[in-house]
Amino acid sequence: MTLMTKIIETKDFLAAKGVIAPEFGLILGSGLGELAEEVDNAIVIDYADIPNWGKSTVVGHAGKLVYGDLAGRKVLALQGRFHFYEGNSLDVVTFPVRVMKALGCEGVLVTNAAGGISYGPGTLMAITDHINMTGNNPLIGENLDDFGPRFPDMSDAYTATYREKAHEVAEKMSIKLEDGVYMGLTGPTYETPAEIRAFKVLGADAVGMSTVPEVIVAAHSGLKVLGISAITNFAAGFQSELNHEEVVEVTQQIKEDFKGLVKAILSEL
């Protein structure tokens with residue numbers, strides 16, 4: 001079965017379940033999936049029940065697809081994403097973005113938990129750009145011409161107008177929202193202190209193990225993108241030890257600001 005056939009099959013399955021004409025896709029990272037529980041008139045589907053869908057194995061990722069109303073918009077929210085380090089192909093990692101496009105989404109809000117280079121734990125950072133250090137690209141292979149061109153421009157992968165609106169909303173809510181460049185790596189190891197020093201020289205403000213493949217596919221598909229990183233820890237070399245439990249703990253501390261900000265942004269887009 002070709003990738004395009006799989007996308008159409010999954011789209012039709014979800015449409016039959018009542019997932020019709022979502023405006024925005026939400027990809028919710030580690031510890032941030034609780035926002036999906038605020039979706040009204042929700043249709044909730046376990047990942048395991050969706051044909052061609054991947055499986056999320058990471059703590060803090062519920063593994064459910066939630067469709068409904070949030071802040072006056074029709075949204076399709078992923079409670080947990082798929083990662084390359086879980087052994088998934090990049091086709092699997094980015095498959096939900098393709099399906100969002102096929103269902104009619106205008107844009108996607110991509111969130112993640114990230115290690116801070118320029119910012120400390122508890123910071124919310126709007127992603128201005130990314131550096132792909134995964135050594136891979138989800139568009140390698142046959143191009144899906146129905147989605148986008150063979151050689152897509154990545155100059156405005158993170159939509160400037162979306163980010164400007166996010167800052168306007170954050171200022172009104174007295175929530176500090178920083179700007180920064182996100183560097184995506186494969187994981188699952190955290191970076192070494194030497195790597196972080198090198199990445200700082202390259203211009204990275206935060207590092208993580210997701211987001212970049214999804215945004216590449218979103219940009220290829222013509223989807224507008226807003227990326228927000230929740231800085232949950234200092235990157236290696238700035239603190240003594242890194243662990244996933246701390247990531248989830250810090251996201252719990254900032255979740256109210258995060259949820260309030262995303263809902264307010266959605267209502268304004």
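**Figure 1. Packing around helix α5.** In this predicted model, the buried residues of α5 pack against the strands β1 (24-28), β5, β6, β7 (177-184) and β9, and against the helix α2. The buried residues in question are V212, P213, E214, V215, I216, V217, A218, A219 and H220. Because nine of the nine residues of α5 are buried, the helix is largely enclosed by the rest of the structure. Just after α5, G222 takes a positive phi of about 80°.

**Figure 2. The largest nonpolar core.** This core has 43 residues, and L14, W53 and L65 are those with the most contacts inside it. Elements that each supply at least two of its residues include the helices α1 (3-16), α2 (90-103) and α5 (212-220). The strands β3 (64-70), β4 (73-79), β5 (107-116), β6 (124-132) and β9 (224-234) also each supply at least two. The largest share, seven residues, comes from α2.

**Figure 3. The surroundings of W53.** Leaving aside residues up to four places away in sequence, W53 touches T10, Y47, L65, L78, F82, F95, P96 and V99. Both W53 and L65 are among the residues with the most contacts inside the largest core.

**Figure 4. A second core.** A separate core of 30 residues includes L28, Y162, V169 and F258.

**Figure 5. N137 in the loop between β6 and α3.** N137 is found in the loop that lies between β6 and α3 (160-172). With a relative accessible area of 28%, N137 is partly exposed. N137 touches L90 and I216, residues up to four places away in sequence not being counted. I216 is one of the buried residues of α5. N137 and I265 are 128 residues apart in sequence, and their C-alpha atoms are 29 Å apart in space.

**Figure 6. The cis peptide bond at P188.** The place of P188 is in the loop between β7 and α4 (193-202). The peptide bond from G187 to P188 is cis, with omega near 5°. Most peptide bonds are trans, and most residues other than glycine have a negative phi.

Figure 7. N41 is found in strand β2 (residues 40-46), whereas S174 is found in the loop between α3 and β7. Phi of N41 is near 50°, a positive value in a residue other than glycine. For S174, also a residue other than glycine, phi is positive and near 60°. N41 is exposed, with a relative accessible area of 63%. S174 is exposed as well, with a relative accessible area of 69%.

**Figure 8. The whole protein, for orientation.** The protein has six helices and nine strands. Its C-alpha trace spans about 50 × 40 × 35 Å along the principal axes. A compact globule of 269 residues would have a radius of gyration near 18 Å, and the 17 Å of the protein agrees with this. Of the 269 residues, 54% count as buried. Among contacts with a separation of 6 or more, 82% are between residues 24 or more positions apart. The protein exposes about 11,200 Å², of which carbon and sulfur atoms supply 50%. The mean positions of the 21 positive and 35 negative charges are 3 Å apart.

How values were computed. Residues numbered from 1 in each chain as written. Predicted model: local features only at pLDDT ≥ 70, side-chain atom pairs only at ≥ 80, totals over all residues. Heavy atoms only, no water. Helix = DSSP H or I, 4+ residues; strand = E, 2+ residues; numbered from the N terminus. Rg over C-alpha atoms; globule rule 2.2 N^0.38 Å. Buried < 20%, exposed > 50% of the residue type's maximum accessible area, 1.4 Å probe, protein only. Contact = heavy atoms within 4.5 Å. Areas by Shrake-Rupley, 256 points an atom, 1.4 Å probe, with all protein chains shown as cover. Lys, Arg positive; Asp, Glu negative; His and termini not counted. Charge placed at Lys NZ, Arg CZ, Asp CG, Glu CD. Core = buried A, V, L, I, M, F, W, Y, C linked by side-chain atoms within 4.5 Å.
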